[in-house]
Amino acid sequence: MTIVKHSATLHGHRTSITLEEPFWQELKSIAQSRAMPLARLIAEVDDGRNPDGNLSSALRVYVLAWVKSHASATETP
């Protein structure tokens with residue numbers, strides 16, 4: 001699986017994010033479904049993450065949690 005470096009501006013500073021392409025695409029989809037710019041979503045995750053962890057990992061966990069919560073919401077008993 002290809003890992004790609006992406007850049008984003010968070011609170012006025014450029015930062016590099018390294019994510020596998022499926023995570024990046026899903027993150028863009030989440031931002032679109034929440035009607036917000038991708039940079040704002042990334043900043044939101046950054047603001048809420050543990051300062052000892054890295055942003056790329058926090059974004060992967062966010063995407064996983066989002067997908068799981070929406071998958072369980074659409075499951076039928």
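Salt bridges came up first: I searched the whole structure and got three of them, counting a side-chain nitrogen of Lys or Arg within 4 Å of a carboxyl oxygen of Asp or Glu. This is a predicted model, so I kept in mind that local features need pLDDT of at least 70 and side-chain atom pairs count only at pLDDT 80 or more, while totals for chains, interfaces and linings use all residues. Residues are numbered from 1 along each chain as its sequence is written, and side-chain values use heavy atoms, with hydrogens and water left out.

Entry on Arg60 and Glu20. I found their side chains in a salt bridge at 2.8 Å, N to O. The pair links distant parts of the chain, 40 residues apart: Arg60 sits in helix α3 (residues 55-74) and Glu20 in strand β2 (residues 13-20). Helices (H or I, at least four residues) and strands (E, at least two) are DSSP runs, numbered from the N terminus. For burial I used under 20% relative accessible area as buried, over 50% as exposed and in between as partly exposed (1.4 Å probe, protein chains only). Glu20 is buried at 13%, and Arg60 is partly exposed at 22%.

Entry on Arg34 and Glu44. I noted a salt bridge here, with the closest N and O atoms 2.8 Å apart. Arg34 is in the loop between α1 (21-33) and α2 (38-48) and Glu44 is in helix α2, so the pair ties together parts ten residues apart in sequence. Arg34 comes out partly exposed at 32%, and Glu44 is partly exposed at 34%.

Entry on Arg49 and Asp46. Their closest N and O atoms are 2.7 Å apart, in a salt bridge. I have Asp46 as buried at 18% and Arg49 as partly exposed at 27%.
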